[in-house]
Amino acid sequence: MRKHIVMSFLLAPIVVAAMPFAAHADMASDVKAVNDGWAHITYEVRGSSTQTKALDQLAHQAATVAARYPGRAEPLLWQGIITSEQANRANFFHKLGLATQARDLIARAYSIDPRAAQGGAALSLGVLYYKVPGSPLAWGDDAKAGRLLKQALSVDPNGLDSNYFYGDYLLKQGDKAGARAYLQKALRAPHDGSRPVWDAGRRREVQALLAKAA
């Protein structure tokens, strides 16, 4: 979770594999609340302005959780994910700045633990690198994205998100056959009963992308 002029991009919704239950139960609960809030806004809330307001509130919650657990990768990762969603909905002038903030937050999570959230830190960082344009005015990098996405796949080879985003990446590289293979593998991922809203919503996105890769 890719290029034209710098401000024309839209960041796809990023989400990572289900968070492993952390040693600190309260942190796990706090992170899951942000995670579930993201899924609710993305897949259940209707209306652009309503989504934006809800996302702004969630961004504040995510920042509070990250501050509560300094030096922990998962809260930083989710703060970055929510910031990337704000970039997705931002106006022309704020889009790249928010995307850069998201990159820096997720990069900090990655530096703490490259395998955080079942490879989610590598995955989310890779998505940003192929979604943001690569130009003198931006920092997108398809080669770096590919390396990060493959790293995420090595950690979670059968995951819904790891295969979905690598399929999306390949499709944007013009490799329809490769994209179809990874997207089909994404649909074979085990269902996640702990996050039903995300699970169902992401599978709909996989099906839509498969139609484009036909």
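## The surroundings of Q79

Leaving aside its neighbours within four places in sequence, Q79 touches A62, A63, A66 and L105. You can find Q79 in helix α3, which covers residues 73–89. Please keep in mind that this is a predicted model.

Is Q79 buried or exposed? Its relative accessibility is 18%, and buried means under 20%, so Q79 counts as buried.

## Helices α5 and α6

Now turn to helix α5 (residues 116–131) and helix α6 (residues 142–155), which pack at an angle of about 160 degrees with their axes 8 Å apart. Angles over 145 degrees count as roughly antiparallel, and α5 and α6 are therefore roughly antiparallel to each other. Their crossing is left-handed.

Which residues make this contact? From α5 come Q118, G119, A122, L123, L125, G126, V127, Y129 and Y130, and from α6 come D142, K144, A145, L148, L149, Q151, A152 and V155. Sorted by type, the residues in the contact of α5 with α6 are eleven nonpolar, four polar and two charged.

## Helices α8 and α9

Another pair to look at is helix α8 (residues 176–187) and helix α9 (residues 196–212), whose axes come within 10 Å and cross at roughly 155 degrees. α8 and α9 are therefore roughly antiparallel to each other, and α8 passes α9 in a left-handed crossing.

On the α8 side, the contact is made by K176, R180, L183, Q184, A186 and L187; on the α9 side, by R203, V206, Q207, L209, L210 and K212. The residues in the contact of α8 with α9 include six nonpolar, two polar and four charged.

Definitions and conventions. Residues are numbered from 1 along each chain as its sequence is written. This is a predicted model: local features need pLDDT of at least 70, side-chain atom pairs count only at pLDDT 80 or more; totals for chains, interfaces and linings use all residues. Side-chain values use heavy atoms; hydrogens and water are left out. Axes are lines fitted to C-alpha atoms, for helices over the stretch in contact, and angles run from 0 to 180 degrees between N-to-C directions. Helices (H or I, at least four residues) and strands (E, at least two) are DSSP runs, numbered from the N terminus. Angles under 35 degrees count as roughly parallel, over 145 as roughly antiparallel, 65 to 115 as roughly perpendicular and the rest as oblique. A crossing is left-handed if the near helix is turned anticlockwise from the far one by less than a right angle, and right-handed if clockwise. Contact means heavy atoms within 4.5 Å. Ala, Val, Leu, Ile, Met, Phe, Trp, Tyr, Cys and Pro count as nonpolar, Asp, Glu, Lys and Arg as charged, and the others, Gly among them, as polar. Buried means under 20% relative accessible area, exposed over 50%, partly exposed in between (1.4 Å probe, protein chains only).
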